Amino acid sequence: MNRVPSGNPFRWIFYILTAWLFASFSITSYGGIHTVPIIIPAQLIRAVQYHPVGMYRVFKTAKDGRAVTIPFQIDEKDRYGDYILAKGPLPNQKLSNGIFDFRDELSIMGNDVGPVKVPTKWEMKKPSVLYEVKFMNATTKTEGAIYIGAYFNNPPPISKLSYVSFNLKRAEILTSRYRYAFNPNNYLIINDVFINRGDKDPYHLIDASTLFLRADLKYFLTLTINQENIDSELEAYKDGPIRCIARVNFNYKILKLNFDLGMYTEVSFFSNSVILPALIDNPLDGQKILNEGSQFYYGFSFIDNPWTLKLETNMPEYQEITLLDFLRGKKKVKKHYWFTGTSDDYMIYVELDPSVQMQRHGNVPMFYKENTPAKLLKERPTSANPLGESPVNFAISLDLTAFTEGLHNVAIKLFVENKKDEKLLEEYKNIDDWKINAKRLPSASFK
């Protein structure tokens, strides 16, 4: 079924908060071409398509020419772009065609990429067909490659290494690098986030998260809600070696009004990051139906005071939208927003690319930080309250009156590292410089 939301002005909100809610955290593992997961759509490597999913294996080449198996994951999609997820109350495995094609995706970790060197030594069965997928950085001119083998029968064992797992009973995402615990009764809520620091005790980064929405509808009513007003249900999930994908439904009804706030999202957890597009289908024009002061934010309770971080951003600082701001009209919106927060122990990096409509109509994301540690935030009420009165010391806010009718595509990338290494920040900022090219190799080159 088509999962693009429609029919009310607020469903888009949860696509934005999803990327915030399910951000993941990592210890850097050096090697390969970079530390970021690589998601390769089948259409981008057309030469590799049309073999059965179970017959693929992925390799990198060692210095001595040996083919070394690396972890990989193939995620199928249906004709609407929904992932094929086999586990959970409502799996859709029956929609799988078992072939890597069209919208399907192959994922690996960037630090598993090897040199551009065709394997010449095989300690396992050689593939029937071998493809070279080359990665090239337009800025640094760096290159790397993986080699995808397709077998016509009896493929060798896959790599046993797994980067991420989902503990359904405990509602946790687990890796060797972090533990991400959310509320099993409400998937909007973070209970805790800890970063694994090796021999040291895990670092407690985030204590909780909070959603807030105030929609002042012209000539009608003012709606104010937070996460306590919304129900969530895990529909289906997939637990793979590269990423865990979970499909979650959210629902909210306003009294006896014929208005149902509902959405679904498919969340991808990686070992060290989340890179998600946010698809927003807004059927109403906020400029016409909402009064000034209508706001959305999603925020966190960081254990440490955010003011202790070295912060760099091109986002404007949060301020309440007043009638004067409303009368001034639309603001200039950048094509690309980012911020970094750096301490001696960890770094935060977030990117947000507004949709074309948001750029055109002045919907500027604003950055909020508060000089209050988490232990003092616990004294505040948990009811729906604006920034400064809620248990939040770190948030991104949007003016709902600047959100226009239409289909929006908002791209979001999130990373947290447990060490201070500003070179990694530059690596993340330039991740889009990498280009991909695939070709089938002649049999004589690897036989």
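The dialogue below takes up these features in turn.

Modeller: This is a predicted model, with residues numbered from 1 along each chain as its sequence is written. Local features need pLDDT of at least 70 and side-chain atom pairs count only at pLDDT 80 or more, while totals for chains, interfaces and linings use all residues, and side-chain values use heavy atoms, leaving out hydrogens and water.

Colleague: How many salt bridges does the count come to?

Modeller: A salt bridge is a side-chain nitrogen of Lys or Arg within 4 Å of a carboxyl oxygen of Asp or Glu. By this rule the count is 15. In one of them, K238 pairs with D75, with the closest N and O atoms 2.8 Å apart. K238 belongs to strand β14 (residues 231-239) and D75 to strand β4 (residues 73-75), so the pair ties together parts 163 residues apart in sequence; strands are DSSP runs of E of at least two residues, and helices runs of H or I of at least four, numbered from the N terminus.

Colleague: Are K238 and D75 buried or exposed, or in between?

Modeller: Buried means under 20% relative accessible area, exposed over 50%, and partly exposed in between, using a 1.4 Å probe and protein chains only. K238 is partly exposed at 22%, whereas D75 is buried at 0%.

Colleague: Which residue meets E105 in a salt bridge?

Modeller: The partner is R243, at 2.4 Å from N to O. E105 lies in strand β5 (residues 105-109) and R243 in strand β15 (residues 243-253), so this pair ties together parts 138 residues apart in sequence. Both E105 and R243 are buried. R179 and E172 also form a salt bridge, at 3.0 Å from N to O; R179 is partly exposed at 27%, and E172 is buried at 5%. Salt bridges with shared partners join D75, K77, E105, K238 and R243 into one network.

Colleague: Which members of the largest nonpolar core touch the most other members?

Modeller: In soluble globular proteins, nonpolar side chains tend to be buried together. A nonpolar core is a set of buried Ala, Val, Leu, Ile, Met, Phe, Trp, Tyr and Cys residues joined through side-chain atoms within 4.5 Å. The largest here has 58 residues, and I173 and F269 touch the most other members. Apart from it lies another core of 33 residues, including I45 and I431.

Colleague: Where is D433 found, and which residues does D433 touch?

Modeller: Contact means heavy atoms within 4.5 Å. D433 sits in the loop between α6 (422-429) and β25 (434-440). Not counting residues up to four places away in sequence, D433 touches M136, N137, A138 and T139. The C-alpha atoms of D433 and N137 are 5.5 Å apart, although 296 residues separate the two along the chain.
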